[in-house]
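This briefing walks through a protein model by topic, from the whole chain down to single residues. Please keep the sequence and the structure in view while reading.

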Amino acid sequence: MQRLRQLVSLTYAQKLSLVAAIPLVVAVAAIAVLVAYEARATAEREIEALERSLIEAKKEELRNYVTQARNGFAYIYGRAEPNDEVAKNLVTQILSAMIYGQDGFFFVYDYDGNNLVSPRQTQFINQNWEGLTDSEGTPIVDEFIRLARQGAGWHSFMWQKPSTGEEAQMIAYVVGLQDWRWVVGTGVFIDDIVATVANARAEVEARVQRTFMYIGAIVLAAVLIVFASGMLLNIRERRLADAKLKELTQRVFDAQEEERGRVARELHDGISQILVGVRYALDNARRRLSRGDDIGARDPLEKGIDHLGTAITEVRRISRDLRPGVLDDLGLGPALKALTDDFRDRTGIETEFSTVVFRNRLDQDSKIALYRIAQEALTNIERHSGATHVTIDLRGHKKGATMRITDNGLGLRTEPGTATTGIGLRNMQERIEQLDGSLRILSSRGPRGGTVIEASLPLSHLLPPQEDATPNRKAGT
């Protein structure tokens, strides 16, 4: 018993999590019941509306059938006397021939209940069916006669399908020929509508059940998250949580770098090659046209070639920004040199880069972090600083490595020494903290006040000489 109590005893963090989870579970359960009720009610209204619309469409179709049939023998009926047997025989022959689909046919009864026409169920002909009801007790022929005496109308009942011999629900539309005391009509089976409605209701029920399952899974996940959060709030596990968070952040950065490398390869090997092919195609078209008479087409074609050349250059520039190949091939120094040269050519801002060849190379994570910091800093300088001169200095020392970026711009909008909320600067800070380094930002407001960004890495990120790769030894960083 004591061991059982020890197993079920809860820590303070677990109790706190449990107190937080119970209201959550109750609230979500109430929401689930409400959602299910509203979903069923809404779906039922929609299904009923669908059923009504389908049945109305069937009724309209039946009325059109009867109208067309009546128009087909109107010239006979209009000129015939009430006891004209010849005319009646002609009309019955016409109606007997009017069959459609697998089960569609016209029927005729007189007001005494005698069947005169039933082409698909001939056993009904010449027999009196007064008082006939379906399997549910619904009167059939008597209701036909009542509707016909009133002029016309619809009637729904169960009837045997000629094609299958099985009973199904039918909707019939009848009109009365008052001079002859006849009921003329046709019907359509609506078992397809019944099946559609049943399937819709089953689908709604399945969706509601899936919703309950999803909500249950969400509740379970939420409860687990609450308990996990409570455990993470424990002071004794704070260091472990910080370490896991740092590891997770590093994984995110690694995933970002991997994705950038992939996108760069796709841009360069895919889009760039396609655009080059288009350029060659346009050039070929220009040469073909130049051999013809349509000389005026040269200028548009050459402009297209120029534009495609610009697009190819831009794609290559984007590829280089996402993941510069020189960073992997030659090292950080040449990569920063290429970055500053491109920045100077693109923006017109005077940019200088200086470095001291390292005795030891930086590891891969450090190279990527410093390169991204320089990239982000140059982006901010271009967009916000209004600077005319930028310097980047990279060097190693006995404590590690330091990169210093200086500009003569307007400075940061925040006061010197205070924390900034800029996403770019925050990304710099997070990158350098992942490597146990430090980031200093010094800025003064005013014309040509300038900003200094200094990123420092500890000595632990400098590889020993034996790990320095031979192909990259010339780069030095």
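## Overall picture

The model is predicted, so local features need pLDDT of at least 70 and side-chain atom pairs count only at pLDDT 80 or more, whereas totals for chains, interfaces and linings use all residues. Residues are numbered from 1 along each chain as its sequence is written, and side-chain values use heavy atoms, with hydrogens and water left out.

**Chain and surface**

- The protein chain has 11 helices and 11 strands, which are DSSP runs numbered from the N terminus (helices H or I with at least four residues, strands E with at least two).
- Of its 477 residues, 36% count as buried; buried means under 20% relative accessible area, exposed over 50%, and partly exposed in between, with a 1.4 Å probe and protein chains only.
- The accessible surface of the protein chain comes to about 27900 Å², and 55% of this belongs to carbon and sulfur atoms, the areas coming from the Shrake-Rupley method with a 1.4 Å probe and, for residues, only the protein chains shown counting as cover.

**Nonpolar cores**

- The largest nonpolar core has 34 residues, and those with the most contacts inside it are Leu332, Leu336, Leu370, Met403 and Ile405; such a core is a set of buried Ala, Val, Leu, Ile, Met, Phe, Trp, Tyr and Cys residues joined through side-chain atoms within 4.5 Å.
- At least two residues of this core are supplied by each of helix 9 (332-347), helix 10 (364-385), strand 8 (389-397), strand 9 (400-407), helix 11 (423-434) and strand 11 (451-458).
- Helix 10 gives the largest share of this core, namely nine residues.

**Aromatic rings**

- The structure holds 13 aromatic pairs, a pair being two rings of Phe, Tyr or Trp (its six-membered ring) with centres within 6.5 Å, and the planes counting as stacked under 30 degrees apart, edge-to-face over 60 and tilted for the rest.
- The rings of Tyr77 and Trp180 have centres 5.0 Å apart and planes at 85 degrees, so this pair is edge-to-face.
- Because Tyr77 lies in helix 2 (residues 12-77) and Trp180 in the loop between strand 5 (167-177) and strand 6 (182-189), the pair ties together parts that are 103 residues apart in sequence; both Tyr77 and Trp180 are buried.
- One aromatic cluster is formed by Phe105, Phe107, Tyr109, Phe124, Trp129, Phe144, Phe157 and Trp159.
- Lys161 lies over the face of Phe189, at 5.7 Å from the ring centre; a charge sits over a ring if NZ of Lys or CZ of Arg is within 6 Å of the ring centre and within 35 degrees of the ring normal.

**Buried polar side chains**

- Asn115, in strand 3 (residues 115-117), is buried with a relative accessible area of 0%, and its side chain makes a polar contact with the side chain of Tyr109 at 3.4 Å.
- A polar contact is a pair of N or O atoms within 3.5 Å; within protein, one must be able to donate a hydrogen and the other to accept it, and residues adjacent in sequence count only if both atoms are side-chain atoms.
- Not counting residues up to four places away in sequence, Asn115 touches Val108, Tyr109, Phe124, Ile125, Asn126, Gln127 and Trp129.
- Thr186 lies in strand 6 and is buried, with a relative accessible area of 0%.
- The side chain of Thr186 makes a polar contact with the side chain of Tyr100 (2.6 Å), and a polar atom of the Thr186 side chain lies 2.6 Å from the backbone oxygen of Phe105.

**Loops and backbone**

- Most residues other than glycine have a negative phi.
- Arg181, in the loop between strand 5 and strand 6, has a positive phi near 55 degrees and is partly exposed, with a relative accessible area of 39%.
- Asp436 also is not a glycine and has a positive phi of about 60 degrees; Asp436 is placed in the loop between helix 11 and strand 10 (438-443) and counts as exposed at 56% relative accessibility.
- Gly131 is found in the loop between strand 3 and helix 4 (141-150), and its C-alpha atom is separated by 6.7 Å from that of Val141, 10 residues apart along the chain.

Terms used
Contact = heavy atoms within 4.5 Å.
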